[in-house]
Structures are given as structure tokens and as C-alpha cells.
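I opened the model to take notes on a few local features. My entries follow in the order I looked things up.

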Amino acid sequence: MENFQQVLSVVGFVIRAIGFIVLGFAVGRFTMDAYKKAVWQVQIALAVGFFALLVGLTHYSSPGSMGTFALGAGVALIMSFMPPKKDNDEDSKK
């Protein structure tokens, strides 16, 4: 029974890590997409809200959870600064 609880504990940690990565990516992506389309007042609110979320997670969650959230958010931020992809459908039709 003790081994089963240890396995469930490890599975729980993995699921929490994956969840925080997905949450970080989703929040980062939403923030950056909304930031680009908003007026300056909303941009300030988005930036303050995002950083307040980071502060709250740093204070109330474990370091591993915060790290996985930061990884997901970092990927979303890096992706938002990449140039958009150009479709090559026109070239493949010729």
C-alpha cells in the first residue's frame, strides 16, 4: 500500500508540473495577444495583472510549480516575439 501511495504521489507531481506549464503558456499567450491589440490603459492592466500573478504564485506555491509556470510563460513570450509564419500554399499549388 505504501508503494502505491508513492506512485500516486509521483504521478500527482508530474500532473501538477504539466498543469503549471500549460497554465503558464496559456496565461502568457493570452496576455501577449491581448497586449498587442489593446489601448495603453489595458496594456498597463495586463502587465500589472501578469506580474501580480507571478508574485502570488511565488509566494503561495512551491518553487517547482513556480518554475514550471515560468517555463510555460517564457515559451509563450518568446513565441509572441517571433515573426509570423508565411504560408507557402501558393508555391505548392504552382
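**Entry 1: a glycine in a helix**

I started with glycine 56, which I found in helix 2, residues 40-60. I am working from a predicted model. Is glycine 56 buried, partly exposed or exposed? Its relative accessibility is 25%, so I logged glycine 56 as partly exposed. I then checked glycine 56 against glutamine 43. The two are 13 residues apart in sequence. From C-alpha to C-alpha, they are 20 Å apart in space.

**Entry 2: the salt bridge**

How many salt bridges does a search of the whole structure find? I got one. I noted the pair as arginine 29 and aspartate 33, whose side chains meet at 3.4 Å, N to O. The cut-off for such a pair is 4 Å. Side chains of opposite charge can pair when their charged atoms come close.

I next looked at how the two residues sit in sequence. Arginine 29 and aspartate 33 are both in helix 1 and four residues apart, so about one helical turn separates them. Arginine 29 has a relative accessible area of 36%, so I put it down as partly exposed. Aspartate 33 comes out at 33%, and therefore it is partly exposed.

**Entry 3: the largest pocket**

I turned to the largest pocket, which holds about 190 Å³ of space. Which residues line the largest pocket? My list reads Arg29, Asp33, Lys36, Met79, Ser80, Met82, Pro83, Pro84 and Lys85. Both partners of the salt bridge, arginine 29 and aspartate 33, are in that lining.

Four of its residues are nonpolar, one is polar and four are charged. I then asked which helices contribute. Helix 1, residues 2-37, and helix 3, residues 63-80, each supply at least two lining residues. Helix 1 gives the most, with three.

**Entry 4: a nonpolar surface patch**

I went on to the surface. Which residues form a nonpolar patch there? I wrote down Val10, Val14, Ile18 and Val22. Together they have about 350 Å² of accessible area.

Valine 22 is found in helix 1. Its relative accessibility is 51%, so valine 22 counts as exposed. The exposed class begins over 50%.

**Entry 5: recap**

Terms used: Residues are numbered from 1 along each chain as its sequence is written. This is a predicted model: local features need pLDDT of at least 70, side-chain atom pairs count only at pLDDT 80 or more; totals for chains, interfaces and linings use all residues. Side-chain values use heavy atoms; hydrogens and water are left out. On a 1 Å grid over the protein atoms alone, a cavity is a set of points where a 1.4 Å probe fits but cannot get out, and a pocket is an open set with protein on both sides within 12 Å along at least five of seven lines; lining residues have an atom within 4 Å of a point. Grid points are joined across faces, edges and corners, and a volume is the space filled by probe spheres set on the points. Ala, Val, Leu, Ile, Met, Phe, Trp, Tyr, Cys and Pro count as nonpolar, Asp, Glu, Lys and Arg as charged, and the others, Gly among them, as polar. Patches are made of residues with over 30% relative accessible area and no salt bridge: like charges are joined within 9 Å, nonpolar side chains (Val, Leu, Ile, Met, Phe, Trp, Tyr) within 5 Å. Accessible areas come from the Shrake-Rupley method with a 1.4 Å probe; for residues, only the protein chains shown count as cover. Buried means under 20% relative accessible area, exposed over 50%, partly exposed in between (1.4 Å probe, protein chains only).
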